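Hi,

Here is the structure I promised to pass on. Have a look at it first, and my notes on what turned up follow below.

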Amino acid sequence: MLAANATEPITSAGHAQLGIAVLVGIAVLTVLISKFKLHAFLALTIGSLVLGTVAGAAPEKVISAFTTGLGNTVAGVGVLIALGSILGKLLADSGGADQIVDTILAKADRRAMPWAMALIAGIIGLPLFFEVGIVLLIPVVLLVARRGNHSLLRIGIPALAGLSVMHGLVPPHPGPLAAIDAVDADLGVTLALGVLVAVPTLVIAGPLFSRYAARWVDLAPPETMIGAAAADAPGEGPARRPSFGATIATVLLPVVLMLIKALVEIVVDDPEDSVQRVTDVIGEPLIALLAAVLVGLFTLGRAAGLDRARISRTVETSLTPIAGVLLIVGAGGGFKQTLIDIGVGRMILDISQDWNVSALLLGWLIAVAIRLATGSATVATISAAGLVAPLAADMSTTHTALLVLAIGAGSLFFSHLNDAGFWLVKEYFGMSVGQTLKTWSLMETVISVVSLVFVLLLSLII
């Protein structure tokens, strides 16, 4: 992982010029993504060059800073994103995701159904990207609401909250991974604290908030989408499903291995101890996720009756959709490194010494501003992490992890018309723009604010 760059800045610009450069750089990002609908990878690349130029840095040094940040970020998190994508695809293609859904729903009565949907989304959301999770879960949400005569949002909001909370707060999702890399946080500790914050946040923003959302917008499942959900079922399904226990064990394996590593480091705290040396290896994110993928080939793929050729195709097709994600994360790393190298990090460090604002709140506020401007949670997370990374230099391990969570919380604030997720939810649920703002957008805001509150409370305790 990358520590904050402590070398001399590549420009001698003063605080005023650097502040203008940051505002111009973020403004360019906002206009390119929101108005011109340019891909975030290109927008971040152009924004980084504009940022460095306005700050007065030599073009060759700006290019070097951007490419260095891009390369280091992809090297740090690219393999983890790829392994997470493979595990998620195995879960989907083997029928393991369906097995989790059907098993939990079979044991849930009508009153418990919103809680069951939150649980399903939380479990499935661990290895799956947000968009993939929506595609998997929305047909289930629609059918459950129809068959049980539930309000669509009473069932749908808990599912959306589960996916969104995991996406914003819990690695190995791209945003949290990139923030961990930027501020040099411990992944195991961040994962443990992320889960600790995510659970109560999901309860409040999911089943509890859905009671009010269902009153404000009372929707029946749209007939057209139910038909589409049935028609979208893949023709090449598995011969059988893996067992519920094996599926859950496989999904949670990397989480357990990374948590064991973090726990042993706290309890033993001796790098020469043989137990800690073993857990340091098996709990390394790369090894933990690789182990889960290898186990999943058997507990998910082979258990579902998939032959070697079919498993190979599953792995191959899982990597294609993440190309764009890797480029966005990499370009975000380049943007972050440009911010650091021109001296913005040092500027914020100098200025914040005179502010009576905690680094956690500052990170959240910056992420909120970029999220509202660009609509991208990943761009908001990476950019905010790059700006506040120097503040993490003197933080403890736990507080550095909490800084990552505060930034992740800010990146989820008030999804609106410039966010692709907003339109995805609107179309699937058959809502108007106003209805989507009153439900989905407000739910995202609840997640952001509630998770920040829990992060700040934890910062007072640990």
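The protein has 21 helices and zero strands; helices (H or I, at least four residues) and strands (E, at least two) are DSSP runs, numbered from the N terminus. Its radius of gyration is 22 Å, close to the 23 Å that the globule rule gives for 462 residues, so the protein is as compact as a globular protein of that length. That radius is taken over C-alpha atoms, and the rule is 2.2 Å times the number of residues to the power 0.38.

Before the details, some housekeeping: this is a predicted model, where local features need pLDDT of at least 70 and side-chain atom pairs count only at pLDDT 80 or more, while totals for chains, interfaces and linings use all residues. Residues are numbered from 1 along each chain as its sequence is written, and side-chain values use heavy atoms, with hydrogens and water left out.

On overall shape, the C-alpha trace spans about 65 × 55 × 45 Å along its principal axes. Buried residues make up 56% of the 462 residues, where buried means under 20% relative accessible area, exposed over 50%, and partly exposed in between (1.4 Å probe, protein chains only). Taking contacts (heavy atoms within 4.5 Å) between residues at least 6 apart in sequence, 81% join residues at least 24 apart.

The protein exposes about 18,600 Å², and carbon and sulfur atoms supply 65% of that. Accessible areas come from the Shrake-Rupley method with a 1.4 Å probe, and for residues only the protein chains shown count as cover. As for charges, there are 25 positive and 30 negative ones, and their mean positions are 13 Å apart. Lys and Arg count as positive and Asp and Glu as negative, with His and the chain ends not counted; each charge is placed at NZ of Lys, CZ of Arg, CG of Asp or CD of Glu.

Now for the helices I'd look at. Helix 8 (residues 174–183) has 10 of its 10 residues buried, so it is largely enclosed by the rest of the structure. What does it pack against? The buried residues of helix 8 sit against helix 3 (59–93), helix 7 (152–169), helix 9, helix 15, helix 18 (377–388) and helix 19 (397–410).

Gly245 belongs to helix 11 and is partly exposed, at a relative accessible area of 45%.

Helix 11 (residues 244–267) also holds Lys261. Is that lysine buried or exposed? Lys261 counts as buried, at 12% relative accessibility. Leaving out residues up to four places away in sequence, Lys261 touches Asp186, Thr279, Asp280, Gly283 and Glu284.

Another buried residue is Ile322, with a relative accessible area of 2%. Ile322 lies in the loop between helix 14 (308–319) and helix 15 (323–341). Setting aside neighbours within four places in sequence, Ile322 is in contact with Ile81, Ala82, Ser85 and Phe129. Its C-alpha is 18 Å from that of Met166, which is 156 residues away along the chain.

Finally, the aromatics. A search of the whole structure finds three aromatic pairs. The rings of Phe209 and Trp216 have centres 5.9 Å apart and planes at 70 degrees, so this pair is edge-to-face. The rings of Tyr212 and Trp216 have centres 6.4 Å apart and planes at 35 degrees, so that pair is tilted. For the cut-offs, rings of Phe, Tyr and Trp (its six-membered ring) pair if their centres lie within 6.5 Å; planes under 30 degrees apart count as stacked, over 60 as edge-to-face and the rest as tilted.

These ring pairs link Phe209, Tyr212 and Trp216 into a cluster. Tyr212 and Trp216 both lie in helix 9 (residues 187–216), four residues apart, about one turn of the helix. Phe209 is buried, at 8% relative accessibility, whereas Trp216 is partly exposed at 45% and Tyr212 is partly exposed at 44%.

Cheers
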